[in-house]
Amino acid sequence: MEKYINEAIAALQADQKEIKVFVALDGYIDKIQKVVARTPASNEREYFHSLATFGQQIQQSAGRSSQMEIVSEVVKFGGNAPIMAEALAALGIPNYCIGTFGEAAIDSVFQAMHDDVELVSLGDAATTNALEFDDGKLMLSEVVAFKKIDWAFLKSKVGLDRLTKWIQEVDLIALVDWMNLPHATVIWNGILEEIIIPNQLKTPIFFDLCDPKKKTDEQILEVLQLISRYNEYTSATLGLNENEAIQIYDGLKRANGETQIQTELMDKCQYIFQAMNLDTLVVHPINGCYLIQRHQAIYVPGKVVTKPKISTGGGDNFNAGFCYGLLYDLSSEAAMLIGIATSGAYVQNGQSPSKDQLIDYLKTFRI
């Protein structure tokens with residue numbers, strides 16, 4: 001492991017070639033909140049630290065009304081695309097970021113983003129109340145802003161020529177938040193059929209589905225088949241967290257009429273990979289990372305942040321760090337470590353790390 005830590009640090013310290021990324025397409029205004037468990041006589045609020053305990057409290061309220069106090073700790077920009085774009089920029093990678101950042105003008109929360117993120121807005125942002133706990137988060141999102149965004153709308157709003165120009169000049173495309181965008185499959189298919197194939201582009205693509213639980217097995221299979229088609233023309237990587245990997249594995253099993261369930265996450269990852277046509281599958285639970293390619297299956301352990309300052313966006317920061325490793329041709333293990341460390345530093349400190357901050361965090365992996 002030491003040699004991969006050293007490789008990751010050396011890459012971050014080096015003067016790297018100029019890289020640019022295209023990230024699309026969502027945008028939220030996030031309220032990061034805590035739920036009050038009780039307020040004793042001292043008036044010092046005590047919060048629910050466990051999502052499980054909070055869930056028990058909700059269950060006890062069934063059949064009768066209940067009121068709970070929430071406290072907003074910060075209001076910030078959110079969404080898979082903006083958070084990933086911000087993390088990439090913090091690591092020195094400028095990018096185009098297309099999403100919902102404001103109708104008449106860019107909303108002030110997005111104006112606070114890194115100067116190397118070029119925002120292109122399609123309309124008003126979605127909103128999320130993110131209830132955070134030490135062992136997880138509950139995200140309550142209003143996503144009606146995405147309802148109008150389909151491939152035809154995107155082409156009319158931005159222009160096919162403009163989209164094509166951006167995608168032709170970047171070194172990686174990141175397509176994210178499939179779950180919350182009702183027309184994401186249509187949009188992703190449009191990019192493939194009208195930009196990638198006609199222009200014979202070999203630009204690698206990174207996909208993040210986001211939590212697919214509200215989608216049907218048929219919808220999940222459709223998008224997995226589409227991602228597999230991408231890999232016929234270029235290099236496709238699918239990124240999942242542990243929960244997403246389990247849901248997709250279960251859906252594939254049901255679709256194939258199979259009842260025998262694997263218990264180990266590595267086995268589930270390999271099953272997903274074998275069911276698709278992919279260059280790379282990367283799965284990031286909170287305590288490490290799994291990577292599957294045609295000739296290798298790797299696990300790299302990570303560090304668990306026991307007292308997170310923020311958890312919303314941890315996966316997007318992992319994606320940015322891992323893509324950094326892909327873009328600069330690092331070993332799989334070093335790319336995984338940069339992803340793990342970018343996520344960990346963000347969760348621990350509440351903001352995407354710079355290269356120097358990421359190097360300092362990676363050094364703690366040696367202890």
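**Cavities, a pocket and packed helices**

Biologist: How much space lies in the second largest cavity?
Modeller: On a 1 Å grid over the protein atoms alone, a cavity is a set of points where a 1.4 Å probe fits but cannot get out. Points are joined across faces, edges and corners, and the volume is the space filled by probe spheres set on them. For the second largest cavity that space is about 30 Å³.

Biologist: What pLDDT do local features need?
Modeller: Residues are numbered from 1 along each chain as its sequence is written, and side-chain values use heavy atoms, leaving out hydrogens and water. This is a predicted model, where totals for chains, interfaces and linings use all residues, side-chain atom pairs count only at pLDDT 80 or more, and local features need pLDDT of at least 70.

Biologist: Which elements each supply at least two residues to the lining of the second largest cavity?
Modeller: Lining residues have an atom within 4 Å of a point. Here they are Phe22, Ala24, Leu25, Trp151, Leu154, Leu163, Ile167 and Ile191. With helices (H or I, at least four residues) and strands (E, at least two) taken as DSSP runs numbered from the N terminus, the elements are β1, α5 (151–158) and α6 (160–169).

Biologist: Which element gives the largest share of the lining of the largest cavity?
Modeller: The largest cavity has a volume of about 40 Å³. Ala24, Leu25, Leu175, Val176, Leu181, Ala184, Ile187, Trp188 and Ile191 line it. β9 (172–176) and α7 each give two or more of these residues. The largest share, 4 residues, comes from α7.

Biologist: Where is leucine 25, and what is the omega of its cis bond with alanine 24?
Modeller: Most peptide bonds are trans. Leucine 25 sits in the loop between β1 (21–24) and β2 (28–38). The peptide bond joining alanine 24 to leucine 25 is cis, with omega about -15°.

Biologist: What is the phi of glutamine 200?
Modeller: Glutamine 200 lies in the loop between α7 and β10. It is not a glycine, yet its phi is positive, about 50°.

Biologist: Which element gives the most to the lining of the second largest pocket?
Modeller: A pocket is an open set of points with protein on both sides within 12 Å along at least five of seven lines. The second largest pocket holds about 220 Å³ of space; of its 20 lining residues, Asp279, Gly325, Leu326, Leu327 and Asp329 are the closest to its centre. The lining has 10 nonpolar, 7 polar and 3 charged residues. β10 (205–208), β13 (288–293), α11 (314–327) and α12 (332–349) each supply at least two residues, and the most, 4 residues, come from α11.

Biologist: Are α7 and α8 roughly parallel or roughly perpendicular?
Modeller: Axes are lines fitted to C-alpha atoms, for helices over the stretch in contact, and angles run from 0 to 180 degrees between N-to-C directions. Helix α7 (residues 184–196) packs on helix α8 (residues 217–230) at about 20°, with the axes 10 Å apart. Angles under 35 degrees count as roughly parallel, over 145 as roughly antiparallel, 65 to 115 as roughly perpendicular and the rest as oblique. α7 and α8 are therefore roughly parallel.

Biologist: What is the hand of the crossing of α7 and α8?
Modeller: Contact means heavy atoms within 4.5 Å. By that rule Thr185, Trp188, Asn189, Ile191, Leu192, Glu193 and Ile196 in α7 meet Glu222, Val223, Leu226, Ile227, Arg229 and Tyr230 in α8. A crossing is left-handed if the near helix is turned anticlockwise from the far one by less than a right angle, and right-handed if clockwise. The crossing of α7 and α8 is left-handed.

Biologist: Are α1 and α12 roughly parallel or roughly perpendicular?
Modeller: The axes of helix α1 (residues 2–13) and α12 come within 8 Å and cross at roughly 70°. Tyr4, Ile5, Glu7 and Ala8 in α1 meet Glu333, Ala334, Leu337 and Ile338 in α12. α1 passes α12 in a right-handed crossing. The two helices are therefore roughly perpendicular.

Biologist: Which residues of α13 make the contact with α12?
Modeller: α12 and helix α13 (residues 355–363) pack at about 100°, with axes 9 Å apart. They are therefore roughly perpendicular to each other. From α12 come Leu337, Ile338, Ala341, Thr342, Gly344, Ala345 and Gln348; from α13 come Leu358, Tyr361 and Leu362.

Note on methods. Ala, Val, Leu, Ile, Met, Phe, Trp, Tyr, Cys and Pro count as nonpolar, Asp, Glu, Lys and Arg as charged, and the others, Gly among them, as polar.
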